Amino acid sequence: MLLKYGFLLLLACIGCVLLFITFVEKGLGSQNPKINLLQLQTIYEVTGRSLGVSRIIIKPPCNATFLIWIVTSYAGEPSARSALRRAYTNEELQALGIRRVFLLGTLNDDAEKKTHVLQNALLDESRRFNDILQGDFLDTYRNLTRKHLMGLQWAANNCKDVKYIMKMDDDIVVNIYGILEKLCSGTIQENSLTGYVMKNMIPVREPASKWYVSKAEYAGSIYPDFVSGWLYLVHPQVASRLMDHAESSRKYFWIDDVFVTGILRQALNIKIQNISELYTTDYRYLECCIKGRANLLKCEFLVGPNGGDAELQVRFKEFAKFCHANCTIRKENNLVGNTCVVAYREPSLYKGAAQISPVRIL
């Protein structure tokens, strides 16, 4: 009998100990909630620091009178910025009433080691050219929207007298004289976003893709119509509306052109204007345009990719400047798109459009 009561007493003691441990764990849990490591990584990547508020590290002045040209650029890749500066010097742009500013984030220790670009080098670049706008967030794909919005906000707040804002990526080639011609001719509609319109684009749901978008990030099966972030034009008043809505809604989606010119635009019912006929998606058509200089022929394309060759920007600019004054418009049967012979490869203006089909290995 004593053995039986002793056994029951032992069970009761064990139960009390277990209850005590449970209450202690709950108390500690309420004080220190567990954080999902993936969630923490995303927070850090988006803000540039854990749960922090980004600020401006380098802020240039704005002296544009007609067009402010904001260019998204990777801090660790100065060669594209160098090519753009050599193609269109600050002095030439100023004479045209244009101000160009490069949008950068910051590099962490690992990125600095890989690129050999230190923050001091970026500060020196800013002192030399006075065209760097740098935000206090990591310069990553997941922060493209933050960089994009930073540029629009700076332009809208600091360039009060300009008539247009042009947003561009630094690996895009542009005929700035042709763009100005279109703007001065009244081709660009008021109160709109103007560029290469993307329709019926779907989120990439394959986790192996760099541009994978989860259902939690975007629940819909199709994106609203948007204009490619390669290059688009917008009035400062429209940019201000987009920024105000972004701040008030506190929403965030990391694919910048989809978010800014698609999701935000749709919420504000801002119209989009398609000028895709001025774009080529293959850099080799731009090479064919340059060859047309010998026959004094202009190029119907004003915008296109550099194909990984930053110097194409310089060569195309020299052609565009010469032909602006000396060449004639091509006839329909002699357009570059109809006469340039290349092995055509179709890149995507929308980086997230690449589709990867998983293969089951038995």
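Helix α3 meets helix α12 through A83, L84, R86 and A87 on the α3 side and Q313, V314 and K317 on the α12 side. The residues of this contact divide into 4 nonpolar, 1 polar and 2 charged. The model is predicted. Its chain holds 13 helices and 10 strands. Of its 362 residues, 47% are buried.

**Helix packing: α3 and α12**

- Two packed helices are described by the angle between their axes and the distance between the axes.
- Here, α3 covers residues 78-87 and α12 covers residues 312-326.
- Their axes come within 8 Å and cross at roughly 15 degrees.
- That angle makes α3 roughly parallel to α12, because angles under 35 degrees count as roughly parallel.
- The crossing of α3 and α12 is right-handed.

**Disulfides: the overall pattern**

- How many disulfides does the structure hold? There are 4.
- Counting bonded cysteines along the chain, the pattern is 1-2, 3-8, 4-5, 6-7.

**Disulfide C62 to C159**

- The sulfur atoms of C62 and C159 are 2.0 Å apart, and the two residues form a disulfide.
- This pair links distant parts of the chain, with its cysteines 97 residues apart.
- C62 sits in the loop between β1 (56-58) and β2 (67-72).
- C159 sits in the loop between α7 (144-158) and β5 (164-169).
- Right-handed or left-handed? The torsion about the S-S bond of C62 and C159 is about 120 degrees, so this disulfide is right-handed.
- C159 has a relative accessible area of 2%. The residue is therefore buried, since buried means under 20%.

**Disulfide C289 to C299**

- C289 and C299 form a disulfide with their sulfur atoms 1.9 Å apart.
- C289 lies in helix α11 (residues 283-291), while C299 lies in the loop between α11 and β10 (303-305).
- The pair therefore ties together parts that are 10 residues apart in sequence.
- Both C289 and C299 are buried.

**Disulfide C323 to C327**

- C323 is joined to C327 by a disulfide, with an S to S distance of 2.0 Å.
- The torsion about the S-S bond of C323 and C327 is about -60 degrees, so the disulfide is left-handed.
- Both C323 and C327 are buried.

**An exposed cysteine**

- Is C184 buried or exposed? C184 has a relative accessible area of 62%. The residue counts as exposed because that value is over 50%.

- Most residues other than glycine have a negative phi.
- Phi of H116 is near 60 degrees, a positive value in a residue other than glycine.
- H116 is found in the loop between α5 (109-115) and α6 (119-129).
- H116 is exposed, at a relative accessible area of 69%.
- N191 is not a glycine, yet its phi is positive, at about 55 degrees.
- Where does N191 lie? N191 is in the loop between α8 (176-184) and β7 (192-198).
- N191 is partly exposed, with a relative accessible area of 48%.

- Take the contacts in the chain between residues at least 6 apart in sequence. Among these, 81% join residues at least 24 apart.
- I56 is placed in strand β1. At 38% relative accessibility, I56 counts as partly exposed.
- Leaving aside neighbours within four places in sequence, which residues is I56 in contact with? They are L133, Q134, G135 and M150.
- I56 and M150 are 94 residues apart along the chain, and their C-alpha atoms are separated by 8.7 Å.

- E125 is found in helix α6.
- With a relative accessible area of 9%, E125 is buried. The reason is the cut-off: buried means under 20%.
- Apart from neighbours within four places in sequence, E125 is in contact with P78, R81, R85, N130 and I132.

Conventions. Residues numbered from 1 in each chain as written. Predicted model: local features only at pLDDT ≥ 70, side-chain atom pairs only at ≥ 80, totals over all residues. Heavy atoms only, no water. Disulfide = S-S within 2.5 Å. Helix = DSSP H or I, 4+ residues; strand = E, 2+ residues; numbered from the N terminus. Buried < 20%, exposed > 50% of the residue type's maximum accessible area, 1.4 Å probe, protein only. Axes fitted to C-alpha atoms, helices over the stretch in contact; angles between N-to-C directions. Parallel < 35°, antiparallel > 145°, perpendicular 65-115°, else oblique. Left-handed = near helix turned anticlockwise from the far one by under 90°. Contact = heavy atoms within 4.5 Å. Nonpolar A, V, L, I, M, F, W, Y, C, P; charged D, E, K, R; others polar.
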